[in-house]
Amino acid sequence: MMSSVKQNQQQSSFHTLFSLRGSLLTLAILTLLSFTYLSLKYSTPSSQGPESVNVKVVDAGKNEEEDDGGDEFGDVYHSPRVFKLNFAEMEKKFKVYIYPDGDSKTFYQTPRKLTGKYASEGYFFQNIRESRFRTLDPDEAHLFFIPISCHKMRGKGTSYENMTIIVQNYVESLISKYPYWNRTLGADHFFVTCHDVGVRATEGLPLLVKNSIRAVCSPSYDVGFIPHKDVALPQVLQPFALPAGGNDVENRTSLGFWAGHRNSKIRVILARVWENDTELDISNNRISRATGHLVYQKRFYSTKFCICPGGSQVNSARIADSIHYGCIPVILSNYYDLPFNDILDWRKFAVVLKESDVYQLKQILKNKSQDEFVALHNNLVKIQKHFQWNSPPVRYDAFHMVMYDLWLRHHTIQY
């Protein structure tokens, strides 16, 4: 009888084990079937019709970013695909609120003018109101524009001391009247100034300089400009006197050109070292109008490389002139955070040098092969649109590039 009980227990244990193994096997089979179904569901194109099937064939030796970018977004951009996608997102979502305060007949709301070497400031003031980016609802704004024009103060002969007081009083009135500054301590606020007086006038208000985004034409990062926070505004002399150059390499027979005032150390050295050279066309002063109509501008058309040394500030309107006329800009400035530097690869369409390279300037330029020059020139033509202001603004022009730079910096923490 005992043996019968043991035998029944063994059979029961055997059936239990068999049942357990069977259950595990069944579970494993069901899991496998589930994964197979999900895999097929999410990896196989729909068979509803040819429009629902999107097959992309990529050359194994071709960079995916190049494939997505096409000719319009070539290697002049650090990341063509990222730029293309982020730009499209910016166009759909980006909103800016303009503070309505301030008398537009004095220093607020309206630009001083849209011409001259500080036209970039004026164009931005006008473009932001013409664009899709403006919102009248501050609650949907990503950034807040402080519309104070130090350029207008300059035009009215305001002293630097009074400029600082005007800026301080205006900003402090916005902080006390509205809740938006205190939510981020000003990190989602920005102001625009192209003239160097604007930089000096705002430096008297440390919380504005340190916290908000500065869009300036003199972005020297050795004296307070913060590249990851601030924006380098291109200094563009508009309207241009002559049409854009480009696709004309056969006409460019002169090696290098510069003419201008000796208002900086690097310009003094440039003129002293190279003004008597037979291959570099270096003038110790601006070309007199008495020599002929638009002689200075026409030199850009016949030159391969246009020298762009910094003046009283690191920037120069000559850079945008060179780009417009199809002449490769040669940057001779230390600590210059070039406009759109986080978007464009300047070394693909310009020659970027340290100021100490001025002594080897001619040899550096002569070492560029014809193929290298043609490649730089062709890339230069591609980015000309980024250094042109328009009213109303046009896609990918200077205004949209500045807005894109602001869009990249709009992510802030609200308190």
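Contact between two residues means that heavy atoms lie within 4.5 Å of each other, and a residue is called buried under 20% relative accessible area, exposed over 50%, and partly exposed in between, with a 1.4 Å probe and protein chains only. Helices (H or I, at least four residues) and strands (E, at least two) are DSSP runs that are numbered from the N terminus. The structure is a predicted model, in which local features need pLDDT of at least 70 and side-chain atom pairs count only at pLDDT 80 or more, while totals for chains, interfaces and linings use all residues. Residues are numbered from 1 along each chain as its sequence is written, and side-chain values use heavy atoms, with hydrogens and water left out.

The protein chain contains 15 helices and 11 strands, and 46% of its 415 residues count as buried. Among the contacts in the chain with a separation of 6 or more, 70% are made by residues 24 or more positions apart. The accessible surface, computed by the Shrake-Rupley method with a 1.4 Å probe, comes to about 21,400 Å², and 53% of this area belongs to carbon and sulfur atoms.

Helix α4 covers residues 119–130, and its end C-alpha atoms are 16 Å apart, which agrees with the 16 Å that its 12 residues should span at 1.5 Å a residue; the expected span is 1.5 Å times one less than the number of residues. Nine of the 12 residues of α4 are buried, so the helix is largely enclosed by the rest of the structure. These buried residues are Ala119, Ser120, Glu121, Gly122, Tyr123, Phe124, Phe125, Asn127 and Ile128, and their cover includes the strands β1 (96–98), β2 (134–135), β3 (143–145) and β4 (189–193), together with the helices α5 (150–155) and α15.

Helix α15 (residues 398–408) contains His400, which is buried, with a relative accessible area of 7%. When its neighbours within four places in sequence are left aside, His400 is in contact with Phe87, Met90, Phe133, Pro393, Val394 and Arg395. Lys105, by contrast, is found in the loop between β1 and α4 and is exposed, with a relative accessible area of 71%.

Helix α6 (residues 160–177) has 18 residues and reaches 26 Å from its first C-alpha to its last, close to the 26 Å expected. Its buried residues are Met163, Thr164, Ile166, Val167, Tyr170, Val171, Leu174 and Ile175. Seen down the axis of α6, these residues fall within an arc of 165 degrees, so they line one face of the helix, the arc being that of the directions from the helix axis to the C-beta atoms. The face turned away from this buried side carries the exposed residues Glu161, Ser176 and Lys177.

Five strands form an open sheet with parallel pairing, in the order β8-β7-β9-β10-β11, where two strands are taken to pair if DSSP finds at least two bridges between them. The edge strands, each of which pairs on one side only, are β8 (280–283) and β11 (351–353). Neighbouring strands of the sheet are turned by 20 degrees against each other on average, direction ignored. Strand β10 (residues 328–332) pairs with β11 in the parallel sense over three bridges, and Ile331 has Val352 in β11 as its bridge partner. Helix α14 (residues 370–383) packs on the sheet and touches β9 (303–309), β10 and β11, its direction making about 95 degrees with that of β10; axes are lines fitted to C-alpha atoms, for helices over the stretch in contact, and angles run from 0 to 180 degrees between N-to-C directions.

Some backbone features lie in loops. Most residues other than glycine have a negative phi, and most peptide bonds are trans. A cis peptide bond, with omega about 0 degrees, joins Gln238 and Pro239, and Pro239 is placed in the loop between β6 (231–232) and β7 (254–259). Asn247, also found in the loop between β6 and β7, has a positive phi of about 55 degrees although it is not a glycine, and is exposed, with a relative accessible area of 60%. Tyr396, found in the loop between α14 and α15, has a positive phi of about 70 degrees although it is not a glycine, and is buried, with a relative accessible area of 7%.
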